[in-house]
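This report looks at selected residues, the nonpolar cores and a surface patch. The sequence and structure come first.

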Amino acid sequence: MAVRTRHRTAARGLLAACGLHILAGGALAQDAGASPDLPADDAGPVLRDGDTRLSDQRLLPPLGQSQTPRSRLTDPGGLDRSTTIRPDVRLGSTPFDAPLPPLPPGTEPQSNDDDAPNPGVSRRENRRDGPAEPAGPAEDEASPRPRTGRADGAAAADADASPLGAPASLRPVGPVRSPTVDEIGDRRLADGLPNLRRLGPDSAASDPFAPIGTRIGSFLGYLTLDQSLGVSDNLTVSRDGQKGSFSQTTLSGRMISDWSRHQAELNLAATYRRNFAGPVEEEPQINADGRVRLDLTRDMTATLRGALSFGRESDFTAGAAQDAASRADILTYSFGADLDARFGRFDTTTSLQAVREDLSDRASAGRSLDDSFTTYTAGLKAALDERAALHPFVSASLGRRVFDQPSAGGVSRDSLIPALRGGVGFDRGEKFSGELAVGYAWNVPDESALPTSASPTIDALLNWSPRRGTDVTLRANTTFDPETSGLDTATLYQLSLALRHRATARLDLNAALVAGLRDRDRVSNEYIYSGEAGFTYWLNRHLGLTGLYRYDRFEAALAANSYNANTVRLGLRLQN
């Protein structure tokens, strides 16, 4: 009987030891917070991954590395059969005040991970949760939230700037020619500004030879200098042009703010061309634009903008073929303001703009009539959730064009320019974005004897990136252009397609096609076509080789006044 009792006691002790290990493993695998037997105070803090183990709870060591001697597990007398449970100790855990068994002689301490609360888990999982961080500005209702999905978003300083034009925030209001969007005009001398708009704080991330820029207070400044020599069979691109060579210098600068709130930018490009033959020796060109965005509230921003352009008049904008020496200088400048607001799911943009075209130089050249005028325009645009990938919109504008002087017979040339548009905008990320709109516009003269003219309008801005390093941009815009006689108003349709491709890390290729139509009722239409292809090869981050071929074609109302021009130039580009 005594022997049976001793065997029964030993068996009971062995089963109790095995049960202790099984219960300890089950306690670690279960969610202590979900156990109805434990009080709320013992549930433990909830970790980020949903585990409810105490931060000081230890996992059992792997098999073969147990710090508990085997003799203690098989010795029934070494088992604590007490039913008293300490409130600070859980099954399968070590009390805070219980000393750990000493390491065997000659054993080196383990890594710092063994000192962590859970030695069987990585250091990252052992890390205790820090205090909750306060809500950032984006969580505060009173702080502004950048409006995403807009073509004129502020991110990356208008990254939507196309290779052939200004950002959407600098586009004109209504069918009015603006100094920043005149794709055709005299772009052969104004190609520095579109290249400049690609530069931004994030340019270096995608372009290994992008300029670093210079920190100027809270602004980041970029500066480029292009110097080229070329030849052309029509230096002045006019009906009396001659063959010869030329030198062209372009200085471009860009400044972008680096503010946590609001944003500002300024762009400037000045070109000087020296012709070594032909009727005109010097051709200057200046283009500048800028804007300031103010973040008023979470869903409301205000933008102030301005632009300036100075250069010689082109035959397409003048509406008549002229000799190169007879072309007058034109100073065009504009000021505008936009207020963007969000009401529920609707986004609205209210715009005011004034555009001035100063043609006084033409009058002083021999004409008694000053054709300078100013156009004031107010517009309203409403879109359904511009943050969506696809959003329709409608817009309306009303313009007032005022000439400095009436016509020779005292007839007023002033008019009203109402316009309506409807279209759709889309934003598929960096792969595909833009907007497309069609509408109708009218030119209503103040003089009742003059006829009212009307034309359909087509406006588009499409950006497509079929692959990284390749950008395709399509632009279309429609403007009303008054005749200097005041008896007719022409409609100018302009379309441009630009391609930019990074062939290698050092070699950039670019190409562009431009077409324009001057539609008139009383005079035959005029057409203009141009195309160019060029390259930039970077020797290092600050110096590159440039090359460009350009073709221009002008088809006048009279075939005798039509002409074309072929131009080739090579040069160097320096950038900071």
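Val237 is buried, with a relative accessible area of 12%; buried means under 20% relative accessible area, exposed over 50%, and partly exposed in between, using a 1.4 Å probe and protein chains only. The model is predicted: local features need pLDDT of at least 70, side-chain atom pairs count only at pLDDT 80 or more, and totals for chains, interfaces and linings use all residues. Residues are numbered from 1 along each chain as its sequence is written, and side-chain values use heavy atoms, with hydrogens and water left out.

Val237 lies in the loop between β2 (219-232) and β3 (244-257); strands are DSSP runs of E with at least two residues, numbered from the N terminus. Although not a glycine, Val237 has a positive phi of about 50°. Most residues other than glycine have a negative phi. His262, also not a glycine, has a positive phi of about 70°. The loop between β3 and β4 (263-275) holds His262, which is partly exposed at 28% relative accessible area.

## Nonpolar cores

A nonpolar core is a set of buried Ala, Val, Leu, Ile, Met, Phe, Trp, Tyr and Cys residues joined through side-chain atoms within 4.5 Å. The largest has 10 residues, including Val237, Phe316, Ala321 and Phe554. β15 (489-502) and β19 (563-575) are the elements that give two or more residues to this core. A second, separate core has five residues, among them Leu196, Leu220, Tyr222 and Ile256.

Leaving aside neighbours within four places in sequence, Ala321 is in contact with Arg239, Asp315, Phe554 and Asn561 (contact means heavy atoms within 4.5 Å).

## Arg342

Arg342 is found in strand β7 (residues 329-343) and is buried, at 16% relative accessible area. The side chains of Arg342 and Asp385 are joined by a polar contact of 3.2 Å. Such a contact is a pair of N or O atoms within 3.5 Å; within protein, one must be able to donate a hydrogen and the other to accept it, and residues adjacent in sequence count only if both atoms are side-chain atoms. Not counting residues up to four places away in sequence, Arg342 touches Asp299, Asp347, Asp385, Glu386 and Arg387.

## Surface patch

Leu509, Phe535, Tyr537, Leu539, Leu545, Leu570 and Leu572 form a nonpolar surface patch with about 580 Å² of accessible area together (Shrake-Rupley method, 1.4 Å probe, with only the protein chains shown counting as cover for residues). Patch residues have over 30% relative accessible area and no salt bridge, and nonpolar side chains (Val, Leu, Ile, Met, Phe, Trp, Tyr) are joined within 5 Å; a salt bridge is a side-chain nitrogen of Lys or Arg within 4 Å of a carboxyl oxygen of Asp or Glu. Leu545, in strand β18 (residues 543-555), is partly exposed at 34%.

Definitions and conventions. Helices (H or I, at least four residues) and strands (E, at least two) are DSSP runs, numbered from the N terminus. Patches are made of residues with over 30% relative accessible area and no salt bridge: like charges are joined within 9 Å, nonpolar side chains (Val, Leu, Ile, Met, Phe, Trp, Tyr) within 5 Å.
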